[in-house]
Amino acid sequence: QVQLVESGGGLVQPGGSLRLSCAASGGIFNRYTMAWYRQAPGKQRELVADITSGHSTNYADSVKGRFTITRDNAKNTVFLEMNSLKPEDTAVYYCSARLPFRRAPDYWGQGTQVTVSL
């Protein structure tokens, strides 16, 4: 059983930056593809970015060039650096872990709120 705990959310003005962290425990971290999803009110949860154990990354078109996902396998942590934030980035951000041969995440964090507003 893998436990995921997100941190780093908050209120930020448009154009600002935030760094989310997700600490994993209870499993072999470097086996998992890690990802960040987000869910805005009234909308479906969507993939923001993911990163394989080999550090290959994938981004949603809406965040390319603004967000960066990284991982530190020694510290069992995945990060999401978010720059040039827009009001439409407002959502609850969730960390997930997925084994490479699985189509959907095996584990989810509890989520952290990101609000982009004046």
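Ser21 sits in strand E3, which covers residues 18-25. The model is predicted. Is Ser21 buried or exposed? Its relative accessible area is 17%. Buried means under 20%, so Ser21 counts as buried.

Which residues touch Ser21, once neighbours within four places in sequence are set aside? Val5, Glu6 and Ser7 are among them. Trp36 is another contact of Ser21. Thr77, Val78 and Phe79 complete the list.

Now the whole chain. Strand E3 belongs to a chain with 11 strands and 0 helices. From the N terminus on, the elements run β-β-β-β-β-β-β-β-β-β-β.

How does the radius of gyration of the chain agree with that of a compact globule? For 118 residues, such a globule would have a value near 13 Å. The chain has 13 Å, so the two agree. The C-alpha trace spans about 40 × 25 × 25 Å along its principal axes.

Some values for the chain follow.

| Property of the chain | Value |
|---|---|
| Buried residues, share of the 118 residues | 42% |
| Contacts joining residues at least 24 apart, among those between residues at least 6 apart in sequence | 53% |
| Carbon and sulfur atoms, share of the accessible surface | 48% |

Ser21 is buried, and buried residues make up 42% of the chain. The accessible surface comes to about 6300 Å².

The chain carries 13 positive side chains and 9 negative ones. The centres of these two sets lie 4 Å apart.

Technical notes: Residues numbered from 1 in each chain as written. Predicted model: local features only at pLDDT ≥ 70, side-chain atom pairs only at ≥ 80, totals over all residues. Heavy atoms only, no water. Helix = DSSP H or I, 4+ residues; strand = E, 2+ residues; numbered from the N terminus. Rg over C-alpha atoms; globule rule 2.2 N^0.38 Å. Buried < 20%, exposed > 50% of the residue type's maximum accessible area, 1.4 Å probe, protein only. Contact = heavy atoms within 4.5 Å. Areas by Shrake-Rupley, 256 points an atom, 1.4 Å probe, with all protein chains shown as cover. Lys, Arg positive; Asp, Glu negative; His and termini not counted. Charge placed at Lys NZ, Arg CZ, Asp CG, Glu CD.
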